[in-house]
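Please keep the sequence and the 3D view open while reading.

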Number of protein chains: 2
Amino acid sequence: MDNGLLVVISGPSGAGKGTICKMLKDKMTDLKVSVSATTRKPREGENEGESYFFISNDEFIKKINDDEFLEYAKVYGNYYGTPKKEVFKQLKAGNDIILEIDIQGALQVKKNYPKGVFIFILPPSLKELQNRIEGRGTDSKEVILKRMKCAYDELDYAFEYDYVVLNDEVEAAVNKIKCIIDAEKNRAIRKKAIINKIREV
Amino acid sequence: MDNGLLVVISGPSGAGKGTICKMLKDKMTDLKVSVSATTRKPREGENEGESYFFISNDEFIKKINDDEFLEYAKVYGNYYGTPKKEVFKQLKAGNDIILEIDIQGALQVKKNYPKGVFIFILPPSLKELQNRIEGRGTDSKEVILKRMKCAYDELDYAFEYDYVVLNDEVEAAVNKIKCIIDAEKNRAIRKKAIINKIREV
């Protein structure tokens with residue numbers, strides 16, 4: 001039994017995962033963030049082992065073959081992945097880790113580490129999701145349409161998660177997730193040590 | 001799927017269930033309390049349907065045979081039981097119900113309603129439990145010894161519950177339980193309706 005919790009924050013693009021994770025980290029300063037590995041070149045100001053572990057394509061593929069990732073994906077020609085070793089080291093040390101990740105990644109993590117706490121962030125409505133994606137101003141009409149179709153289908157995956165948190169008001173959503181993390185720490189399966197301790201009169 | 005949660009607060013005698021439930025009800029005013037049926041005679045100030053449903057021995061036994069109790073027990077010659085009908089009516093109406101109950105009762109409830117949220121209250125230590133039971137001044141040395149032996153054994157049942165909450169500081173324990181209830185409301189299995197609503201663009 002690991003001592004720390006792996007908390008996976010996931011959901012459709014535009015649901016507000018990023019903002020929620022940022023606020024959650026401010027609120028729960030003990031939460032660790034996992035550092036991903038990538039084959040992308042470092043950008044200005046990015047540091048090895050902090051922003052990412054920067055590795056070569058060959059190294060990445062070797063790690064895939066050696067089953068060293070909790071999840072990985074190829075995005076615009078670059079690989080990104082969550083190294084098991086780093087995550088498991090933190091969990092063993094009793095640290096809680098938060099992982100912000102898309103739905104496909106979360107499902108991979110679930111396969112590799114079902115003991116994680118899987119939280120699906122739900123946008124208040126698909127209309128609102130569309131507004132948010134449009135508001136970013138980064139996507140063409142065609143891409144937005146594709147994203148919306150994708151989000152509609154992705155809602156089905158919510159039932160593969162442990163929790164579903166509606167992000168209609170971000171502060172409330174963050175508080176709900178904080179509660180979920182606190183509640184999960186009181187799960188009976190995590191309490192063996194303390195029950196044995198109590199027996200020592 | 002019921003809309004309300006059945007929250008079962010349980011644990012060894014002296015763990016602090018009563019105080020916790022009282023504080024929890026003050027904090028979460030929407031929580032309903034189930035009214036038990038009993039064959040005991042009403043005491044001064046006790047009202048039918050408020051304190052208890054007062055029924056005859058024959059009626060109680062008929063209800064047992066008709067499987068009308070979530071749980072029941074005979075204590076000092078009197079029957080006490082939690083009527084399914086009352087509890088299920090509240091849950092269907094979307095009300096959350098709290099049930100304070102001993103371990104044998106909780107295990108009966110779990111068999112009859114596994115969807116409940118089962119919370120085991122843990123005393124900080126068996127020594128402290130002994131102090132609390134002695135502090136009540138209601139039990140003989142012999143009874144206390146028997147209770148302590150019982151509590152030691154009963155700790156094994158903690159793993160049949162969903163959550164284990166350490167009651168070393170009552171305010172903290174109450175807040176943990178409040179968090180557990182709030183978190184349980186966000187369980188994916190309870191979110192089907194809202195996900196379908198979001199699809200309506």
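Predicted model: local features only at pLDDT ≥ 70, side-chain atom pairs only at ≥ 80, totals over all residues.

Residues are numbered from 1 along each chain as its sequence is written, while chains are lettered from A and ligands numbered from 1 in the order in which they are written.

**Symmetry**

- Two copies of a chain are related by a rotation about an axis and a shift along it.

**Contact between the chains**

- Chain B gives 30 residues to the contact, and chain A gives 30 residues.
- Two residues count as in contact if their C-beta atoms, placed from the backbone, lie within 7 Å.
- On the side of chain B that touches chain A, the elements giving two or more residues are β8 (117-122), α5 (126-136), β9, α7 and α8 (192-199).
- Helices (H or I, at least four residues) and strands (E, at least two) are DSSP runs, numbered from the N terminus.
- α7(B) supplies the largest share of that side of chain B, five residues.
- Both copies use the same surface: 100% of the contact residues of chain B recur in chain A.

**α7 against α7**

- The axes of α7 (residues 170-184) of chain A and α7(B) come within 8 Å and cross at roughly 115 degrees.
- α7(A) is therefore roughly perpendicular to α7(B).
- Axes are lines fitted to C-alpha atoms, for helices over the stretch in contact, and angles run from 0 to 180 degrees between N-to-C directions.
- Angles under 35 degrees count as roughly parallel, over 145 as roughly antiparallel, 65 to 115 as roughly perpendicular and the rest as oblique.
- The α7(A) and α7(B) crossing is left-handed.
- A crossing is left-handed if the near helix is turned anticlockwise from the far one by less than a right angle, and right-handed if clockwise.
- From α7(A), A:K176, A:C179, A:I180, A:D182 and A:A183 meet B:K176, B:C179, B:I180, B:D182 and B:A183 of α7(B).

- In chain A, the axes of α1 (residues 17-27) and α7(A) come within 10 Å and cross at roughly 60 degrees.
- α1(A) is therefore oblique to α7(A).
- The crossing of α1(A) and α7(A) is right-handed.
- A:T19, A:I20, A:M23, A:L24 and A:K27 of α1(A) meet A:V170, A:A173, A:V174, A:I177 and A:K178 of α7(A).
- In chain B, α1 (residues 17-27) packs on α7(B) at about 60 degrees, with the axes 10 Å apart.
- That makes α1(B) oblique to α7(B).
- α1(B) and α7(B) also have a right-handed crossing.

**Nonpolar core**

- The largest nonpolar core has 90 residues, and A:V7, A:V8, A:I119, B:V7, B:V8 and B:I119 touch the most other members.
- Such a core is a set of buried Ala, Val, Leu, Ile, Met, Phe, Trp, Tyr and Cys residues joined through C-beta atoms within 7 Å.
- A residue is buried if 20 or more other C-beta atoms lie within 10 Å of its own, exposed if 12 or fewer, and partly exposed in between, with C-beta atoms placed from the backbone.
- Leaving out residues up to four places away in sequence, A:V8 touches A:L99, A:I101, A:A106, A:V109, A:G116, A:V117, A:F118 and A:I119.

**Loop residues**

- A:Y76 lies between β5 (69-75) and β6 (78-83) of chain A, in a loop.
- Phi of A:Y76 is near 50 degrees, a positive value in a residue other than glycine.
- A:Y76 is exposed, with 5 other C-beta atoms within 10 Å.
- For B:Y76, phi is near 45 degrees, again a positive value in a residue other than glycine.
- B:D168 sits in the loop between β9 (163-166) and α7 (170-184) of chain B.
- B:D168 is partly exposed, with 13 other C-beta atoms within 10 Å.
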